[in-house]
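Visitor: I'd like to learn how to read a structure like this one. Could you walk me through a few features?

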Amino acid sequence: MHRLRNHSSVIIRQRKELAELFGFETRNKYEISDEKGNLILYCAETQKGFWGFLARQFLGHWRSFELHFFDSQKQPVWKANHPFRFIFQRLEILANDGHQIGSAVWKWAFLRKRYALNNEREGKNFFIESGFFSIWRFPVFHQGQEVGAIQKKWGGLLKEVLTDADTFQVEFAGHLSEADRGLILSTAILVDLTYFERKAR
């Protein structure tokens with residue numbers, strides 16, 4: 001995850017898929033770059049096959065899937081596993097050797113959006129809490145202090161209406177470790193799939 005250490009913020013852009021214009025949900029793919037547009041990472045959903053296709057069309061973010069993160073040379077960096085769940089969505093972030101780095105879990109909250117983030121490698125806990133009227137911003141807190149944020153960016157009327165190709169900016173406080181940043185970045189993908197994927201609405 002050392003690709004993130006020197007960046008105070010990154011931009012996540014979901015790759016456009018022509019099939020989405022016709023109502024089909026395709027495997028999610030993302031490009032992650034710095035604010036100057038330099039590519040840092042790729043992220044791709046690996047759920048394949050006919051059953052994977054059906055799950056994307058009818059189960060939305062409740063389906064099981066894996067996200068794989070690659071560097072600009074297409075070398076694997078880390079991955080995230082999402083088990084099948086109807087409630088309390090969970091994303092498990094894993095190193096390439098299979099050891100768990102951390103997790104992000106959706107928590108029930110009245111008229112609020114909330115996640116609990118656990119950096120198991122370093123023994124740190126974070127949480128995301130966004131108010132009912134704060135539709136597109138998800139601040140990240142640690143010990144009561146805001147240390148980051150996930151912010152959806154407006155993509156234009158046609159893009160927002162016709163496709164799921166979303167853009168996010170993820171901000172990091174300077175003292176956050178590589179594992180912290182990878183955990184928050186992975187959670188940004190979960191936020192997209194939970195709240196902004198068309199089939200999940």
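Guide: Happy to. Let's begin with pairing: two strands pair if DSSP finds at least two bridges between them. Keep in mind that this is a predicted model.

Visitor: How many bridges join strand S6 to S7?

Guide: Five bridges join S6 (residues 90-95) to S7, and the two strands run antiparallel. In this pairing, leucine 94 sits opposite glutamine 100 of S7. S6 and S7 make a hairpin, with four residues between them. In that turn, glycine 98 has a positive phi of about 95°.

Visitor: And what does S7 do with strand S8?

Guide: S7 and S8 (residues 112-119) also pair in the antiparallel sense, over six bridges. Here valine 105 faces alanine 116 in S8. This is a hairpin too, again with four residues between the strands.

Visitor: Is S7 largely enclosed or open, and why?

Guide: A residue is called buried when its relative accessible area is under 20%. Six of the eight residues of S7 (residues 100-107) are buried, so the strand is largely enclosed by the rest of the structure.

Visitor: What should I make of a positive phi?

Guide: Most residues other than glycine have a negative phi. Leucine 111, in the loop between S7 and S8, has a phi near 60°, a positive value in a residue other than glycine. Leucine 111 is partly exposed, at 48% relative accessible area. Glutamine 143 is another case, with a positive phi of about 50° although it is not a glycine. Glutamine 143 lies in the loop between strand S10 (137-142) and strand S11 (145-153), and counts as exposed at 71% relative accessibility.

Visitor: How many salt bridges does a search of the whole structure find?

Guide: Seven. To count, a side-chain nitrogen of Lys or Arg must be within 4 Å of a carboxyl oxygen of Asp or Glu. One of them joins arginine 114 and glutamate 129, at 2.4 Å from N to O. Arginine 114 lies in S8 and glutamate 129 in strand S9 (residues 124-131), so the pair ties together parts that are 15 residues apart in sequence. Both belong to a network of salt bridges that links Arg112, Arg114 and Glu129.

Visitor: Which residue forms a salt bridge with lysine 124?

Guide: Glutamate 122, with the closest N and O atoms 3.1 Å apart. Lysine 124 is partly exposed at 22% relative accessibility, and glutamate 122 is partly exposed at 37%.

Technical notes. Residues numbered from 1 in each chain as written. Predicted model: local features only at pLDDT ≥ 70, side-chain atom pairs only at ≥ 80, totals over all residues. Heavy atoms only, no water. Buried < 20%, exposed > 50% of the residue type's maximum accessible area, 1.4 Å probe, protein only.
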